[in-house]
Amino acid sequence: MITKKIAIGCDDAAVEMKNILKQYLTELGFEVSDFGVEAGVSVHYPDIAYQLATSVRDGAQELGILCCGTGIGMAITANKVNGIRAAQAHDTYSAQRARKSNDAQIITLGARVVGIELAKEIVHAFVTSDFEAGRSGPKVERIRYYENLDKR
């Protein structure tokens, strides 16, 4: 099953990447919700990551894409949202495995690390892959167990 509703967001370091990926996804037939930001606007990336991750967790979108300078901060922040599994990816294999093995709902990319054509390939691999429960199902359930164990 190919996801149809995708959220995308960025900080000021990745506006161009976000806009190009948004157009690319729209051309592929996806419904894309833009969580910002636009050129010339400075934001704290945790605000964008949290808003997008919360929206994905709540079911408004099926998957999310977050872009910043490296993808690291966005992944860290998105993973703070209970129920979210965000994975940073710099290659198509990792993007695919994030969905197939880890049931990640969000992928993060670094605009200062990944070129735009590769970013398109990474995003395509992510949004066209589905979770394959098989051997990975019990592992994802164990992630959920630990996530709920440490609620404070």
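Mentor: Two strands are said to pair if DSSP finds at least two bridges between them, a strand being a DSSP run (E) of at least two residues and a helix a run (H or I) of at least four, both numbered from the N terminus. This is a predicted model, in which local features need pLDDT of at least 70 and side-chain atom pairs count only at pLDDT 80 or more, whereas totals for chains, interfaces and linings use all residues. Residues are numbered from 1 along each chain as its sequence is written, and side-chain values use heavy atoms, with hydrogens and water left out.

Trainee: In β2, which residue is the bridge partner of Ile 8?

Mentor: Strand β1 covers residues 5–10, and strand β2 covers residues 31–34. The two pair in the parallel sense over four bridges. Within this pairing, the β2 residue bridged to Ile 8 is Asp 34.

Trainee: Which residue in β3 does Gly 9 stand opposite?

Mentor: β1 also pairs with strand β3 (residues 63–68), in the parallel sense and over five bridges. The β3 residue facing Gly 9 is Leu 66.

Trainee: What is the handedness of the β-α-β unit that β1, helix α1 and β2 make?

Mentor: Helix α1 comprises residues 15–27 and forms the unit with β1 and β2. A crossover is right-handed if, with the strands pointing away from the viewer, the path from the first strand over the helix to the second runs clockwise. By that convention, the unit is right-handed.

Trainee: Is Ala 53 buried or exposed?

Mentor: Ala 53 belongs to helix α2 (residues 45–57). It is in contact (heavy atoms within 4.5 Å) with Ala 78, Val 81, Ile 84 and Ile 106, not counting residues up to four places away in sequence. Relative accessible area under 20% means buried, over 50% exposed and in between partly exposed (1.4 Å probe, protein chains only). At 0% relative accessibility, Ala 53 is therefore buried.

Trainee: What geometry does the aromatic pair of Tyr 145 and Tyr 146 have?

Mentor: The structure holds one aromatic pair. Its rings, Tyr 145 and Tyr 146, lie 5.1 Å apart centre to centre, with 70 degrees between the planes. Rings of Phe, Tyr and Trp (its six-membered ring) pair if their centres lie within 6.5 Å; planes under 30 degrees apart count as stacked, over 60 as edge-to-face and the rest as tilted. The pair is therefore edge-to-face.

Trainee: Over the face of which residue does Lys 4 lie?

Mentor: A charge sits over a ring if NZ of Lys or CZ of Arg is within 6 Å of the ring centre and within 35 degrees of the ring normal. Lys 4 lies at 5.6 Å from the centre of the ring of Phe 30.
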